[in-house]
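Reader: I am new to reading protein models. Can we go through this one in questions and answers?

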Amino acid sequence: MNDVPLAEADLDALVPEWVDWATAAKILGVSVSRVRTMIREHELAAAVPRPGAGQQVPAGFLQDGLVVKGLPGLLTVLHDGGYDDRECIAWLHTDLDLPGRPIDALRENRGSEVKRRAQAMAF
């Protein structure tokens, strides 16, 4: 991983595609208020990718009309370790030699190593 702290990572450069809350709601088949609740309860994470953009959700967190399997539990582990949504998003989109990024491993149902690394970071 690079030497830039997660809180200072350029999310717009790390995350290839973002969706606003309304689009996330449509993909998931829920209301925008439910997306807001999902973010508050760490089932999803959102951040402002660039100045003036407003809060958005990484598109990679959604797959086949659902939240990526294992993401809510992973976000809870990271939040319990003191990380905020912005830092969680940066970590999930940073290449960690898993191989690849943690979000890719989750999307490919290879979440065990990702969860182990998140737990180690939280302590």
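Reader: Which residue meets Arg116 in a salt bridge?

Author: This is a predicted model, where local features need pLDDT of at least 70, side-chain atom pairs count only at pLDDT 80 or more, and totals for chains, interfaces and linings use all residues. Residues are numbered from 1 along each chain as its sequence is written, and side-chain values use heavy atoms, with hydrogens and water left out. A salt bridge is a side-chain nitrogen of Lys or Arg within 4 Å of a carboxyl oxygen of Asp or Glu. Here the N to O distance is 2.6 Å, and the partner of Arg116 is Glu113.

Reader: In which helix do Arg116 and Glu113 lie?

Author: Helices (H or I, at least four residues) and strands (E, at least two) are DSSP runs, numbered from the N terminus. Arg116 and Glu113 are 3 residues apart, about one turn of the helix. Both lie in helix H7 (residues 111-122).

Reader: Where in the chain are the partners Arg50 and Asp12?

Author: The side chains of Arg50 and Asp12 meet in a salt bridge, 2.9 Å from N to O. The pair links distant parts of the chain, 38 residues apart. Arg50 is in the loop between helix H3 (32-40) and strand E2 (57-58), and Asp12 is in helix H1 (residues 11-14).

Reader: Which residue forms a salt bridge with Arg34, and how many salt bridges does the count give?

Author: Arg34 has a relative accessible area of 33%, so Arg34 is partly exposed. The closest N and O atoms are 3.3 Å apart, and the partner is Glu43. By the salt-bridge rule the count comes to 6.

Reader: Why are the buried residues of H4 on the same side of the helix?

Author: In helix H4 (residues 71-80), the buried residues are Leu71, Leu74, Leu75, Leu78 and His79. The arc is that of the directions from the helix axis to the C-beta atoms. These residues are on the same side of H4 because they cover an arc of only 135 degrees around the axis.

Reader: What does Ala90 touch, leaving out residues up to four places away in sequence?

Author: The place of Ala90 is in helix H5. With a relative accessible area of 0%, Ala90 is buried. Contact means heavy atoms within 4.5 Å. By that rule Ala90 touches Leu6, Ala9, Leu11 and Leu14.

Reader: Are H2 and H3 roughly parallel or roughly perpendicular?

Author: Axes are lines fitted to C-alpha atoms, for helices over the stretch in contact, and angles run from 0 to 180 degrees between N-to-C directions. Under 35 degrees counts as roughly parallel, over 145 as roughly antiparallel, 65 to 115 as roughly perpendicular and the rest as oblique. The axes of H2 and H3 come within 8 Å and cross at roughly 100 degrees. H2 and H3 are therefore roughly perpendicular.

Reader: What covers the buried residues of H3?

Author: The buried residues of H3 are Val35, Thr37, Met38 and Ile39. Val35, Met38 and Ile39 are also among the H3 residues that make the contact with H2. The cover includes H2, E2, strand E4 (66-67) and H5.

Reader: Which residue with positive phi follows H3?

Author: Look just past the helix. The phi there is near 65 degrees, and the residue is His42.

Key:
Buried means under 20% relative accessible area, exposed over 50%, partly exposed in between (1.4 Å probe, protein chains only).
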